[in-house]
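This report describes selected side chains of one protein model, with a short section for each topic.

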Amino acid sequence: MKKHRSQRPDEYRQLIQEFTRSLTLIVDEEQLRSSISAKLRDFFGLERVAIFLREGDGAPFRIVAERGMDPEIVRNVTFPSNGRLARWLKVNEEPLLLDENPGVVAFLDAQERDTLTRLDAFACFPLVALNQLKGFLTLGRSDTGAPQLDQGDRELLSLFSGQAALAFENAALLREQRSRLKRLYRAERLATAGEMAAGAAHEIRNPLTSIRSAIQHLRTDYDDESPRAELIDDILAEVDRINGIVGALLSFARPAEPRFESVPLAELVRMAIALVDAQAQTQGIAVSAEIAEDISVEADPNLIKQVVLNVVMNAMQAMPNGGELTISALPLAGFAELRMGDSGPGIPSEDRERLFDPFFTTKKEGTGLGLSVCYGIVQRHGGEIEVESETGQGTVVRIRLPRSTAP
Ligand code: ADP
Ligand code: MG
């Protein structure tokens, strides 16, 4: 422990208060994390710390920032969202000092105890904001053992954790607000595109139907071996391709009225995967789908199957030389979130804004309608679809659908 703290507590307190004030000014989550872990060292001499946060209500707590920890241990360390540690911190809203509370430690789940041991933790400080446990800090022993925290230190650390929790909450709210605005803007733009697309599609569809039947009639004049028959077959195939595009365009702009029913998400995903399983194997793609059977959504199974299929096809097309396709689901308040992630090349930022635009494609043979159709269908379900991607880091598509209340 640094000497100057006990000698000049007022000055020290002031320093922390200053920092605490500045915390709420940091709205970038990444910066917040590194700043907090750095200050834990600077202010309290803590060399090994980890910040655990969770993404959603049911999601486990994961390390979002750490300092001085063994990277081998840090990887994949989680605490269950409703585990005993989380519940104890939530109820008590005070730090858990492990050495002083053997009773509490004994009460924890064996796995939690094991994880704390691996983290070499001597204390956990809850991150509570708006009455909710957002996460916690774990403080690890340094090479010289556990630092001594006197009452003053603990109070300062508690103050610090409280402010950190608020700052995280702030940053998350801001992020949510930004993405809501973005969605609003996108919805507006796509609605306009949809209107135009629907108008054009209708105009094209009727003459196309006449053209098709006229050509088909001409086709009867030739027998199958004639070179003209081949030519006409080519024309027919192209006409059918246009028809397919027009159909897709219409299902983006005016998606079919869904026939809602309560469907288990896992089953929908299984059905969609079954259709591409063989192709995935030839391409060397490992598909893993882990979805709790009790998550059901209020949806039209055929339409959502199509959405899943479109997304999965994109993922597979992004991994021509193999990779991983990971599908999971998360129950949220009123919604279920389906996540489909691939280990492909990711999407450059200049493309990310245009993914849902009809006809936006980067593929030679692409139509650029796959995600537009997904968007139309998900909207019709009162849901949301988002694509998260960085160049070189794969792509995750998240789809939120209303959860069904029926058993
Ligand atoms: P298409 O597949 O016909 O190109 P989509 O609407 O399905 O049309 O996708 C639009 C574009 O979005 C694709 O051309 C591709 O550039 C990009 N994209 C979609 N999904 C992925 C993914 N999983 N990985 C990388 N790029 C993707
Ligand atoms: Mg596609």
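## A charge over a ring

The charged end of Arg84 is placed over the ring of Phe107, at 5.0 Å from the ring centre. A charge counts as sitting over a ring if NZ of Lys or CZ of Arg is within 6 Å of the ring centre and within 35 degrees of the ring normal.

## Basis of the description

This is a predicted model, in which local features need pLDDT of at least 70 and side-chain atom pairs count only at pLDDT 80 or more, while totals for chains, interfaces and linings use all residues. Residues are numbered from 1 along each chain as its sequence is written, chains are lettered from A and ligands numbered from 1 in the order in which they are written, and side-chain values use heavy atoms, with hydrogens and water left out.

## Aromatic pairs

Rings of Phe, Tyr and Trp (its six-membered ring) pair if their centres lie within 6.5 Å; planes under 30 degrees apart count as stacked, over 60 as edge-to-face and the rest as tilted. By this rule there are nine aromatic pairs. Phe61 and Phe136 have ring centres 5.2 Å apart and planes at 50°, so this pair is tilted. Phe61 belongs to strand β2 (residues 61-67) and Phe136 to strand β6 (residues 132-140), so the pair ties together parts 75 residues apart in sequence. Strands (E, at least two residues) and helices (H or I, at least four) are DSSP runs, numbered from the N terminus. Both Phe61 and Phe136 are buried, where buried means under 20% relative accessible area, exposed over 50% and partly exposed in between (1.4 Å probe, protein chains only).

The rings of Phe356 and Tyr375 have centres 5.6 Å apart and planes at 50°, so that pair is tilted. Phe356 and Tyr375 are both buried. One aromatic cluster is formed by Phe19, Phe43, Phe44 and Phe160.

Asp357 lies in the loop between α12 and α13 and is buried, with a relative accessible area of 16%. Apart from neighbours within four places in sequence, Asp357 is in contact (heavy atoms within 4.5 Å) with Arg189, Leu190, Gly368 and Ser372.

Asp300 is in the loop between β9 (296-299) and α11 (301-318). Asp300 is buried but has no salt bridge, and Arg259, the nearest side chain of opposite charge, is 5.6 Å away. A salt bridge requires a side-chain nitrogen of Lys or Arg within 4 Å of a carboxyl oxygen of Asp or Glu; Lys and Arg count as positive, Asp and Glu as negative, and His and the chain ends are not counted. The side chain of Asp300 reaches the backbone nitrogen of Asn302 at 3.0 Å.

Notes. A polar contact is a pair of N or O atoms within 3.5 Å; within protein, one must be able to donate a hydrogen and the other to accept it, and residues adjacent in sequence count only if both atoms are side-chain atoms.
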